[in-house]
Amino acid sequence: MSKACSELRTIWWDRGSVIIIDQRLLPHKLKYLRLKSYVEVAKAIKNMVIRGAPAIGVAAAMGLALAVVNLKTNNREILMNRLEKAADTIRSTRPTAVNLFWAIDRVMEVARETSSVEELKKKVLEEALKMAEEDIEVNKMIGEHGSKLIEDGDRILTHCNAGALATVGYGTALGIIRTAYRQGKKITVYASETRPRLQGAKLTVWELLREHIPVKLITDNMAAFLMQRGEISKVIVGADRIIAKTGHVINKIGTLSHAIAAKYYGVPFIVAAPVSSIDFKNVLEEVVIEERDVREVLYIDNVRIAPKGVEAINPAFDITPPELVSYIVTERGIFKPSELRELCK
Ligand code: MRU
């Protein structure tokens, strides 16, 4: 498990099981979990032990690999049925990030093209491992492209965690920040805490502090005021799904408020995401915005903060319309929201 000591790595394959960081325990404890079955992987995604669109995509692929590699059978059909069942289970964990569905479809396609038990097991695992390595490469490319938009002295607001922890490694929004910082640009990051689950406060800040990248934690409702005072020069966020046809960006709840404030105060609003986060199939109306347990709103770290009897609601994502988005940075370059269709392979 030494990999995690230098460059932060969120997930990897280890001798027939999957190792992940238990993100629920951060920033207080860096603990790794060994997952041995696709059911454990599905639970980890659902309970946000692992989270972030690209990370759950790779977790899904590795979950499918777990479903077949350890199964003892000489019958390819039994393996395929098992794989379909695992795919259904993993698909039902979280509805919004498109990477989950993209990853499952990609692995299933590879599996369908095989003709023997050995080939199926080998190809499914190879594909999952390839996707993990690709993710890091893609993030570094996003970092290279996106860093061209970052100037010396920038004060960058980011929301939620679109860092190494949300991917296999390096990160998307934080990938751009990492690259710019490593290029020697003097930057300060403002991390909004991201209620209700506090990914900004717990994960983003932890990740940046590890690398000594200057970061200040703010509550979500401070962002507009800081923009009004001229203290934020750019906003960079990740995405759970971007609709290719229209350029709508679906990301962690609170992103929309930052985008509206950024537009009002003339601050560039940048979205960093791999092409695997772009939905080339569905239109906005088809996207399910995950509704999570309202206890996430009523409690903070198991301490109840609201009186008994109050109702709460808890949509986990919001939708930023394309007119609020200045740039979308992918591994294939920098695009305007209206140019995304060009990326369709
Ligand atoms: O609910 P989460 O923590 O999985 O939400 C994560 C986000 O919204 C991230 O911003 C998004 O997945 C992009 S991660 C590179």
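Into which domains is the protein chain divided, and what does the interface between them consist of?

Reply: The model is a predicted one. Its protein chain is divided into domain 1, residues 11-140, and domain 2, residues 143-344. Taken over C-alpha atoms, the centres of domain 1 and domain 2 are separated by 25 Å.

The interface may be described first by its extent. On the side of domain 1, 31 residues are in contact with 34 residues of domain 2. The size of an interface is often expressed as the accessible area lost when the parts come together. For domain 1 and domain 2 this buried area is about 2,800 Å², and carbon and sulfur atoms give 57% of it. Within domain 1, the residues that lose the most area to domain 2 are Arg51, Thr96 and Asn139, which together make up 23% of what that side buries.

Polar interactions come next. Between domain 1 and domain 2 there are 18 residue pairs in polar contact, counting pairs with both residues at pLDDT 80 or more. Two salt bridges are found across the interface of domain 1 and domain 2. In the structure as a whole, the number of salt bridges is 26.

As to the elements involved, helix H2 (53-69), helix H4 (98-112) and helix H5 (117-147) each contribute at least two residues to the side of domain 1 that touches domain 2. H5 provides the largest share of that side, namely six residues. By residue class, the side of domain 1 that touches domain 2 comprises 18 nonpolar, six polar and seven charged residues.

Some of the residues named above also bear on the ligand. The ligand is surrounded by 19 residues, the closest being Arg94, Gln199, Asp240, Asn251 and Lys252.

Definitions and conventions: Residues are numbered from 1 along each chain as its sequence is written. This is a predicted model: local features need pLDDT of at least 70, side-chain atom pairs count only at pLDDT 80 or more; totals for chains, interfaces and linings use all residues. Side-chain values use heavy atoms; hydrogens and water are left out. Domain bounds come from an automatic or database domain assignment. Contact means heavy atoms within 4.5 Å. Buried area is the accessible area (1.4 Å probe) that two parts lose on being put together, summed over both. A salt bridge is a side-chain nitrogen of Lys or Arg within 4 Å of a carboxyl oxygen of Asp or Glu. A polar contact is a pair of N or O atoms within 3.5 Å; within protein, one must be able to donate a hydrogen and the other to accept it, and residues adjacent in sequence count only if both atoms are side-chain atoms. Helices (H or I, at least four residues) and strands (E, at least two) are DSSP runs, numbered from the N terminus. Ala, Val, Leu, Ile, Met, Phe, Trp, Tyr, Cys and Pro count as nonpolar, Asp, Glu, Lys and Arg as charged, and the others, Gly among them, as polar. A residue is near a molecule or strand if one of its heavy atoms lies within 4 Å of it.
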